[in-house]
Amino acid sequence: MMRGMSPKRREGHFDRWAPRYDRSIHQKLVFGPVHEAVLGAFEAFGAVPGDILDIGCGTGRLLEAAGRRWTGARLIGIDASEGMIAEARHKHDGEVRFSFERGDSSRLPLEDASFDAVFSTVSFHHWGDQSGGIREAARVLRPGGLFVLADIRMPFLSILRPLVIRGGRSNFLPPRAVRQLIEEASLSVEAERRFWSFSSFQLFVARKPDAPEPSKGTA
Ligand SMILES: C[S@@+](CC[C@H](N)C(=O)[O-])C[C@H]1O[C@@H](n2cnc3c(N)ncnc32)[C@H](O)[C@@H]1O
């Protein structure tokens, strides 16, 4: 089960960070470039998305960037931290395109096959049930839809660790283990790449296969 900080304490950490999160130096150093990498990777493989989900959305900054890029998209964020969700809702009060719900990656409060794009940035290493979270991403994707996952890749310079890793529990899986979880969730990996954004990052682009054609009777 969980190692290190309990889920409750971890949420408390993010709740406390939430009011200052958008002003944090991490936005410029880490999160902003990661968001750009994820949106660019989606664009390289996918058509313009209508419905976008961000799992572990924080205060909604990736969705804000996605909304500027795809002005007709509906943007949904799920996060385990009440404080992060409160900040996101406050910023987007009255904007019908945006909605934010508290929830856990392993039990998304969302319907099957309802998104063209599912993103997650710098959150996966916090998930208590990483394989369940990827299965949930696959469940809510429409056939042909894309899951783009970006997370810190270990090892990286230990001197940077305290600056980059916040929120206690961290389970950094090696890329081959992440790929295996993605494939076990019946998604096909279309791209896997490494990039640098103050730390080493790993990014996966994975597609949900199209539904098989219904077989036609021979009579
Ligand atoms: C470092 S922040 C990154 C936020 C955002 N993705 C970004 O790029 O700015 C990690 C976020 O993941 C959320 N989180 C951690 N574990 C989660 C889980 N199991 N389900 C949903 N959200 C989770 C935290 O509450 C926090 O808001």
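Predicted model: local features only at pLDDT ≥ 70, side-chain atom pairs only at ≥ 80, totals over all residues.
**Notebook: a loop, a sheet and a ligand shell**

**Entry 1, valine 122.** I began with valine 122, which I found in the loop between β4 and α5 (130-140).

I looked up valine 122 for its backbone: phi is near 55°, a positive value in a residue other than glycine. Most residues other than glycine have a negative phi. Is valine 122 buried or exposed? Valine 122 is buried, because 24 other C-beta atoms lie within 10 Å. The cut-offs are 20 or more other C-beta atoms within 10 Å of a residue's own for buried, 12 or fewer for exposed, and anything in between for partly exposed, with C-beta atoms placed from the backbone.

Alanine 113 is partly exposed, because 14 other C-beta atoms lie within 10 Å.

I read 7 helices and 7 strands in the protein chain, which follow one another along the sequence as α-α-β-α-β-α-β-β-α-β-α-α-β-β. Of its 219 residues, 38% count as buried. Among contacts with a separation of 6 or more, 71% join residues 24 or more positions apart; two residues are in contact if their C-beta atoms, placed from the backbone, lie within 7 Å.

I traced an open sheet of 7 strands with mixed pairing, in the order β3-β2-β1-β4-β5-β7-β6. At its edges I found β3 (98-102) and β6 (188-196), each of which pairs on one side only. From one strand to the next the twist averages 15°. Two strands pair if DSSP finds at least two bridges between them. Angles run from 0 to 180 degrees between N-to-C directions, and axes are lines fitted to C-alpha atoms, for helices over the stretch in contact.

I followed β7 (residues 200-207) to β5 (residues 141-152), and the two strands pair in the antiparallel sense over 7 bridges. In β7, phenylalanine 204 is the bridge partner of leucine 149, and valine 205 that of valine 148. The strands β6 and β7 also run antiparallel, joined by 8 bridges, with arginine 207 of β7 as the bridge partner of serine 188. Their hairpin has 3 residues between the strands, and there phenylalanine 198 takes a positive phi near 70°. How many residues of β7 are buried? I counted 6 of the 8, so β7 is largely enclosed by the rest of the structure. Serine 200, placed in β7, is partly exposed, because 16 other C-beta atoms lie within 10 Å. From serine 200 to aspartate 151 I found 8.7 Å, C-alpha to C-alpha, across 49 residues of sequence.

I saw helix α7 (residues 175-184) lying across β6 and β7, at about 20° to β7. In α5 the buried residues include Gly133, Ile134, Glu136, Ala137, Ala138 and Val140, and the buried residues of this helix pack against β1 (51-55), β4, β5 and α7.

Leaving aside residues up to four places away in sequence, valine 38 touches Leu62, Phe119, Thr121, Val148, Ala150 and Leu203.

Which residues come nearest to the ligand? Of the 21 around it, I noted Gly56, Gly58, Ser81, Ser123 and His126; a residue is near a molecule if its C-beta atom, placed from the backbone, lies within 6 Å of it. At least two residues of the shell come from each of α3 (61-69) and β2 (74-79). By class, the shell has 10 nonpolar, 8 polar and 3 charged residues, where Ala, Val, Leu, Ile, Met, Phe, Trp, Tyr, Cys and Pro count as nonpolar, Asp, Glu, Lys and Arg as charged, and the others, Gly among them, as polar.

How values were computed:
Residues numbered from 1 in each chain as written. Helix = DSSP H or I, 4+ residues; strand = E, 2+ residues; numbered from the N terminus.
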